[in-house]
Every structure is written in structure tokens, then in C-alpha cells.
Amino acid sequence: MFKRISALIAVGATALTLAACGGGSVSDENAITLGFSQVGAESDWRTANTQSIHDSAQNWGVELHFAEGDQKQETQIEAMRSFIEQKVDVIAFSPVIESGWDEVLKEARDANIPVILTDRAIDSADKTLYRTFLGSDFVEEGRKAGRWLAEEFAGSGGPVNIVELQGTIGSAPATDRKAGFQEIISADAKFKIVESRTANFTRAEGKEVMEAILRDHRDIDVLFAHNDDMGIGAIEAIENAGKVPGKDIKIVTVDAIRDGMQALADGKINFIVECSPLLGPQLMDLAQRIVRGERVPARVVTEETTFTREQAEEVLSTRQY
Ligand code: GZL
């Protein structure tokens with residue numbers, strides 16, 4: 001009974017969200033309708049990604065129906081089903097985890113509603129379930145972090161003890177960043193991952209999990225956090241333990257949000273691999289082209305770079321997020 005009530009609340013919340021955003025301020029009756037099912041609001045990256053989608057819908061004259069997923073797959077799927085019922089022109093989503101989407105995507109296909117996969121990948125074998133996948137190459141992001149570490153410790157004989165704060169277990173960014181990082185550091189036996197735990201991409205859990213790890217491990221040389229938010233939470237734990245982040249424990253993270261770039265400029269983080277959340281413009285362009293019946297590339301990889309302390313100091317004032 002509880003589950004059904006909670007499901008109704010979730011659907012109600014989704015409907016309220018849609019009503020709040022679905023009416024939109026787009027008056028053009030020719031505007032396409034886009035239903036977007038978002039992961040949640042777990043990090044500053046996600047906040048910037050949501051803002052980019054809203055701003056771009058406004059700028060592109062797209063009527064946006066937007067639903068937050070609270071980092072729960074069932075909430076995201078309910079939202080996608082409500083978009084199907086509303087007969088939106090196109091659905092886009094960022095899947096909280098890689099598996100479990102085939103059924104709802106088949107329902108969208110049966111309803112002749114094209115789907116755009118954004119940000120995170122899914123593990124479905126059926127590539128016809130979505131028209132295109134717009135997002136970063138997370139394996140390469142993990143490799144970039146590993147390459148920096150290999151260079152940073154080139155002169156060291158080791159061992160180099162590494163703690164890894166993983167993102168959400170089962171999500172593409174966590175799985176792939178881990179794989180890319182491991183691929184690079186496995187080339188040198190001095191690198192040892194002494195602890196690898198999830199902190200779900202959030203700042204609060206990053207602090208909490210790092211506090212526990214610091215109690216279990218005396219000799220940590222490096223922290224690799226799958227996003228800035230977990231790294232920033234871990235910095236607080238490291239400082240509370242009387243250690244100096246960026247010096248006693250070198251820190252490499254992914255995203256390049258404003259707070260992460262500030263920590264990099266302050267020397268508390270040593271290197272950041274960028275993962276751009278600004279997918280809105282490309283998403284709206286792809287959506288309009290698909291609704292017009294145009295063919296679009298099966299994969300659109302977002303442009304992104306890396307930042308050292310000096311580079312962060314240079315660009316900090318110009319960052320959009
Ligand atoms: C990456 C995105 C990840 C970010 C995190 O594209 O899915 O989720 O790296 C966010 O900050 O929570």
C-alpha cells in the first residue's frame with residue numbers, strides 16, 4: 001500500500017513539476033514539446049545541467065516539460081510514461097543508472113515518440129531505442145585523471161596509496177571513470193587503490209565517507225573523486241583530520257564546477273578533468289532536427305578539457321557554472 005501511495009505522490013509531484021514547467025513561457029503554437037526526465041539535484045554539475053536545459057528551451061522556443069528524478073530510476077520512468085501519455089514530440093533523459101530502461105523506451109517507440117539519451121549512457125543492447133546519445137566520454141575522463149597522476153608521481157618509487165570516491169554505483173560516469181583511471185594506473189605497480197567506496201556524487205556523502213576512510217587508513221597519498229562535489233566534501237574531512245588537502249593528500253577530481261575550480265586555484269585540489277554540463281543548446285538543436293525528420297549522428301561527444309592550478313586562476317572569473 002505504502003509503495004502505491006508513494007508512487008502516486010511521485011506521479012503527483014511529477015505532474016506538479018510538469019504543470020509548473022510544462023506550461024512554459026513558450027507561446028508559439030508551432031513549438032515542439034520536449035519531455036525531459038532528469039537524474040535529480042545531487043551536485044552543482046546537475047544544477048548547471050538543469051539550468052542549461054531550461055535556458056536553452058527558452059532560447060530555442062521549445063516547450064519544456066521537465067521532471068526531477070530524485071536519483072531514483074522509478075521516478076524517472078514514471079515521468080517518461082507521463083510524457084508518453086501527454087504525447088510530447090520528443091523525450092530526453094539522463095539515466096541515473098545504466099540498466100533497466102528497455103521497457104519504457106519500447107513504450108516510447110510504440111508511441112512513435114523519439115528519444116534522446118543525454119549525459120549518461122545506458123547498457124541496452126537495442127540501439128534503436130534512442131535516436132542519439134549526447135554526452136561526455138567518461139572513460140577518457142578517467143584516463144585523463146590517471147595520466148595526470150602518473151606524471152605527478154613519475155619520480156616517486158612508491159607505493160602511492162590511492163583512495164577513490166566513486167559516483168553512484170551502476171551509473172555510467174562512475175563505471176567508466178573508474179575503468180579509465182584503472183587502465184592508466186595499472187601500468188605501474190606502485191599505484192595502489194587502498195580504498196574505493198561510493199559517495200553518490202554528493203558533497204555530504206563525500207565528507208562522511210572520507211571521514212570513515214581516514215579513520216581506517218593512516219597513509220593516504222592521493223584522492224581520486226569521480227566529481228568535484230565529493231572531492232569538496234572530502235577536503236573538509238581531510239582538514240578536520242589535521243591534514244593539508246593538495247599537499248599531504250593530492251586530489252584529482254572531475255567536473256570543473258565553480259567551487260571545484262576555486263579549490264583548485266586555492267591549491268586544495270591539484271587537477272580537475274572537465275565534464276561539461278552545458279548540454280542544453282545541443283539538446284534543443286538535436287530535438288528540433290529529429291522532429292523535423294532529419295537524420296542526426298548516433299553519438300555526439302561533448303568538448304572538454306582539463307585544468308591545472310594556474311589555468312584555474314586564469315579562467316575562474318569567466319566560468320559559466
Ligand atoms: C556526468 C554527470 C555526473 C557528474 C556529477 O556527466 O552525469 O553526475 O560528474 C553528476 O557531478 O552528479
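A: First a term: buried means under 20% relative accessible area, exposed over 50%, and partly exposed in between, with a 1.4 Å probe and protein chains only. The model is predicted, so local features need pLDDT of at least 70 and side-chain atom pairs pLDDT 80 or more, while totals for chains, interfaces and linings use all residues. Residues are numbered from 1 along each chain as its sequence is written, and side-chain values use heavy atoms, without hydrogens and water.

Q: Is Phe-201 buried or exposed?
A: Phe-201 is buried, at 4% relative accessibility. Phe-201 also has a positive phi of about 65 degrees without being a glycine.

Q: And Asp-119, what is its phi?
A: Near 70 degrees, again positive in a residue other than glycine. Asp-119 is buried too, with a relative accessible area of 4%.

Q: Switching topic: which residues make up the domains?
A: Domain 1 is 4-135 + 277-303 and domain 2 is 138-275; the bounds come from an automatic or database domain assignment.

Q: How many residues are in contact between them?
A: 13 residues of domain 1 contact 19 of domain 2, with contact meaning heavy atoms within 4.5 Å.

Q: Which side chains meet in a salt bridge?
A: Arg-203 and Asp-44, at 2.9 Å from N to O. The rule asks for a side-chain nitrogen of Lys or Arg within 4 Å of a carboxyl oxygen of Asp or Glu, and it finds one such bridge across the interface of domain 1 and domain 2.

Q: Where is the cis peptide bond?
A: Between Gly-158 and Pro-159, with omega about -5 degrees.
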